[in-house]
Amino acid sequence: MANTMEVKVPDIGDFKDVPVVEIMVSVGARIEKEDPLISLESDKATIEVPAPAGGTVKSIEVKVGDKVSQGSLVLMLDVDEGAAAGTPASAAPVAVTAAPAAAVPAAAQPSAPAPAVQPPAAPLPAAAAIAVAEPAAAPVVGVHASPSVRRFARELGVDLSQVGASGPKARIVKEDVQSFVKRALSAPPMAAPARGAGLPFDLPPLPQVDFSKFGPVETLPLSRIQKLSGPNLHRNWVSIPHVTQFDEVDITDLEAFRKVQLEALKKQGVRLTVLAFLVKAVARALREFPTFNASLAPGGDSLVLKKYVHVGVAVDTPDGLVVPVIRDCDRKGVSEIARELASLSEAAREKKLKPTDMQGGCFSISSLGGIGGTAFTPIINAPEVAILGVSKATIRPVYVDGAFVPRLMLPLSLSYDHRVVDGATGARFITHLNGLLSDVRRLLL
Ligand code: CAO
């Protein structure tokens, strides 16, 4: 026959009137010795009260929010036959975990000392965390969770810093860990951040919709290039703090000059486009503004300044976007750049680009001017720190010397990495570029 035991809060050091933040058992539940019963949380530590014996919970005498001290009655336990009963049970040593941003005072430490506090592990993307996180011996600081929840998370390899909290005082409860695991396992590959990106996000997966319920559909596989570039674009978009600065350049004179040169160069097999002038102007501006011709070093605490100027140009192909690179643009003339541009874009469209043709870029240009649009926000091609978007030039009335005159205006959109380039430098760069393009003589100097 079962004996009934009063289970009371054991010696918890100097802690008094500690709020109950979680009750981990229910009436009628079968528990084993050492199973966690309730969790207490002071502003210094989280304390878990374990079962002194195995048995069945007869009644629970506390609720979440109650304040308890050593000797407070927690629950009545029908203990298994043979176990000691009658005397108030002093549970086995409690487990104490440092609360976020606080150390456990030495006097409060139980016989089993609190584990050393260590900084949180680098966050892993949801799917990767499940697969590769090592069970951590020490708690992840900065999250509220009871020792049992921490243990549960460790067993599953879940990084608690990635888990959303639904418990009181932003506390992670067991159900939060369970739903995190369920979400990670059911997330479609495209919904998860790129592997290895180390992104600090814990977002729910995109909704999976059966579109055929609403009308006829067709499924088109992504091209090989789209599959390769998609995760990189996604990583760059979410991991680089982009700022996009817009400007408009008066290219009336440049266009007049281009038209004069066009026929002569055509005879030499060169198609002189506005883009060739843009590449040249960008190369000049990169020389003037070295932080634009740079990449963040691994670790992000220094800049690698490049002494060469290689400019990538986005080329639209039937299979997707590729970015071949024109080397040493600062040392080449506009016609030479135009020639290379034509041969690289032809090679891109005929799928004849070599991997080396797309490597080593310092800065990219994405020109949609031949298509249309007034402005857009290009995504930086990491590890570069800036990209220039070019939209369609149109003739517009511009107020010059007291009168409106028709001028050919070219819209530019410069996105830069705000960790590397501040707003003033960004505005100076595009203004400098504007000056070079609006007075073509400066460009040819
Ligand atoms: N404003 C107005 N007209 C422009 C222009 C501009 N900014 N830029 C080009 N044009 C005109 C050209 O003069 C040309 O006119 P003609 O046919 O009368 O000579 C026409 O548009 C087509 O130019 P083009 O595209 O053949 O040549 P380009 O040197 O300007 O561009 C290339 C070459 C390879 C960059 C371009 O063909 C291309 O692929 N652009 C798309 C890039 C892209 O997709 N970027 C998006 C990246 S983000 O997804």
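S391 is buried, with a relative accessible area of 1%; buried means under 20% relative accessible area, exposed over 50%, and partly exposed in between, with a 1.4 Å probe and protein chains only. This serine belongs to the loop between strand 21 and strand 22, where helices (H or I, at least four residues) and strands (E, at least two) are DSSP runs numbered from the N terminus. The model is a predicted one, in which local features need pLDDT of at least 70 and side-chain atom pairs count only at pLDDT 80 or more, while totals for chains, interfaces and linings use all residues. Residues are numbered from 1 along each chain as its sequence is written, and side-chain values use heavy atoms, with hydrogens and water left out.

The side chain of S391 has a polar atom 3.4 Å from the backbone nitrogen of A375. A polar contact is a pair of N or O atoms within 3.5 Å; within protein, one must be able to donate a hydrogen and the other to accept it, and residues adjacent in sequence count only if both atoms are side-chain atoms.

Which residues are the closest to the ligand? They are R271, D316, R349, S366 and A393, out of 20 residues that surround the ligand; a residue is near a molecule or strand if one of its heavy atoms lies within 4 Å of it. In the side chain of R271, an N or O atom is 2.9 Å from an oxygen atom of the ligand. For S366, a polar side-chain atom lies 2.9 Å from a nitrogen atom of the ligand. On its own the ligand has 960 Å² of accessible area, and the protein covers 67% of this; such areas come from the Shrake-Rupley method with a 1.4 Å probe, and for residues only the protein chains shown count as cover. Strand 17 (315-317), helix 7 (334-349) and strand 20 (363-367) are the elements that give two or more residues to the shell around the ligand. By type, the shell holds nine nonpolar, seven polar and four charged residues. Here Ala, Val, Leu, Ile, Met, Phe, Trp, Tyr, Cys and Pro count as nonpolar, Asp, Glu, Lys and Arg as charged, and the others, Gly among them, as polar.

The loop between strand 20 and strand 21 (386-390) contains P383. A cis peptide bond, with omega of about 10 degrees, joins A382 and P383. N381 is found in this loop too and is partly exposed, with a relative accessible area of 27%. The C-alpha atom of N381 is separated by 9.3 Å from that of V323, 58 residues away along the chain.

Other pairs also link separate parts of the sequence. M358, in the loop between helix 7 and strand 20, is partly exposed at a relative accessible area of 35%. Between M358 and V322 there are 7.8 Å in space, C-alpha to C-alpha, although they are 36 residues apart in sequence. V325, found in strand 19 (residues 325-326), counts as buried at 6% relative accessibility. V325 and F363 are 38 residues apart in sequence, with 9.2 Å from C-alpha to C-alpha.

D401 lies in the loop between strand 22 (394-400) and strand 23 (403-417), and its phi is near 45 degrees, a positive value in a residue other than glycine. D401 is exposed, with a relative accessible area of 80%. D17, in the loop between strand 1 (3-8) and strand 2 (18-23), likewise has a positive phi, near 50 degrees.

The helices complete this tour. Helix 4 (residues 224-239) has 16 residues and reaches 23 Å from its first C-alpha to its last, close to the 22 Å expected at 1.5 Å a residue; the expected span is 1.5 Å times one less than the number of residues. Helix 4 bends by about 25 degrees at G230, and the proline P231 follows within four residues; the bend is the angle between axes fitted to the seven residues ending at a residue and the seven starting there. In helix 8 (residues 423-438), the buried residues include F429, I430 and L433.
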